[in-house]
Amino acid sequence: MRYSNYFIPTYKEVPSEAEVISHQLMLRAGMIRKLTSGIYTYLPAGLRSIKKVEDIIREEMNRAGAIELLMPAVQPGELWQESGRWEYYGRELLRFKDRHNRDTCLGPTHEEVITDLVRREIQSYKQMPINFYQIQTKFRDEIRPRFGLMRGREFIMKDAYSFDVDEEGANRSYEAMYEAYSRIFQRCGLRFRAVEADTGAIGGSYSHEFMVLAETGEDQMINCTKCDYAANLERAEIRGGDDRFEAGNTPMKPLEEVDTPDIKTVEEVTSFLGISEDQLIKTLIFVADDEVVAALVRGDQELNEAKLKNLLGAQMVELASPELVAEATGAPMGFAGPVGLKTKMVADLAIQGMRDFVTGGNRNDLHLKNVNLARDFSIDRFGDLRMITPKDSCPRCGEEIKFGRGIEVGHVFKLGTKYSQTLKALFLDEQGKERHIIMGCYGIGVGRTVAAAIEQNHDKDGIIFPIPISPFEVTILPLQMHDAAVVEAAEKTYRELLDHHIDVLMDDRDERAGVKFKDADLVGIPVRVTVGSRGAKEGQMEIKLRSESETMIVSIREASAIIEEKVKGLYDSLK
């Protein structure tokens, strides 16, 4: 490809709208342009990278035995109503009425559509296992789209769905996709980690996120320093017994009311009473599927809403409004407590065994001292409800854990029968008995993968693309377009590389050398070949890898063979 016939509109300045480095560099390198909030046009260079990711995905999905199809972006609302997600999915689901006044939506995901297809077409155990996948545009009406392709409203996604007759088969399908994902991200040249994750809005029983390791990542992940345990912040478990108090045999102190005028926060209460934060219990009021629930956690710890939702088996959990808190507790926010509370109550495991602690008094400007379980109130259910901290140990082996940051690019789920039950996707087993199909779901954000690669691979001058997903593998920079020897040497190398199927961009613009160098570094093509007047006269040109500072001087006659070897070496380094 010749630069003069291509379209890479680069920017010198950092766009004010771009907050993260991948957004900045994709705009500056002429890869994307914003149409409206969270919606982007993929320019030619950006589209080339996306297509290369898609090619890798297709090869590995096909290798794993999945079958490609393409489902509609527009979906009937009745399917979502049948699955129970029409209201649950929230405002991210873009709903509208078609000309016949029928409820319709733009698909944010395709569990309903694929399950509907399968329930119509798959009737026998002999037709399974089977796995369908697609690469398609999705739409989620995010309330705050940001970070370019990291969190857009419209995005390209690979989603796959497996169908099995039993748990054993479903586990095999899950492992096959887990291994395929590992190969995909390795082939994309990314440093990544698979971590245990919460299933979220998709549902199901078990899942892993594939996280690209990057300090700029918006997701926190936890890794054990000794064993292979890894989880995201929402999913990370607390090692049993690590932080539970022992009640001992000392007698309980009498319950005591304490006036705490306009003192609400943990810091204010503990300072006023002269106690440590782990001697206070926070009582948080939630609404879980229209039921008011009180959740108790120690004052020095943070409640994990994903764990609360899972403990309650709820579809949706959200903090109660100040008005509902006042109605449920009889007091404004900041003074809720478990004593005398007439709602369902759950508590974190760390509260078991605590003695003589402080809680809100369910009255304005009142707290209670020397509160005790069993004597003063009871809990409906205990569970792991808090966020893990760096002070905690690995829940598997008890060794030290480390916190890191990452960017989620892929997610695999064991769905079980969540959708086959609600949508009645049945099959006949070997005995002729009807049973629900067991499903799995597997997604990759295609554009997000490109953005994550940039977050992980860049410097002050621009992108440093891993070669498998770079728009081009090699760029040739003839520095003096008026010099016939320079042009001839560049053209010779260009033609030889094309003949050997190297993906090459010839910067044949009549621009200053500085402009060409800056654009080459900005776009991040892995191998740069430079031809100048002095070198051309001496029969030489320069080869430089974008990821390295050293420059190699080679003869023009041998250049194409050496460049091919450099390209091959970059691919080999990823194996």
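1. Helices (H or I, at least four residues) and strands (E, at least two) are DSSP runs, numbered from the N terminus. The expected span of a helix is 1.5 Å times one less than its number of residues.

2. The model is predicted: local features need pLDDT of at least 70, side-chain atom pairs count only at pLDDT 80 or more, and totals for chains, interfaces and linings use all residues. Residues are numbered from 1 along each chain as its sequence is written.

3. Helix α15 (residues 556-572) has 17 residues, which at 1.5 Å a residue should span 24 Å; its end C-alpha atoms are 25 Å apart, which agrees.

4. Strand β21 (residues 401-416) runs antiparallel to strand β10 (residues 206-213), joined to it by 8 bridges; two strands pair if DSSP finds at least two bridges between them. In this pairing M211 has E408 as its bridge partner.

5. Strand β11 (residues 219-224) is also antiparallel to β21, with 6 bridges, and Q220 stands opposite R405. Another 6 bridges link β21 to antiparallel strand β24 (residues 438-445), where C441 stands opposite F413.

Definitions and conventions
Side-chain values use heavy atoms; hydrogens and water are left out.
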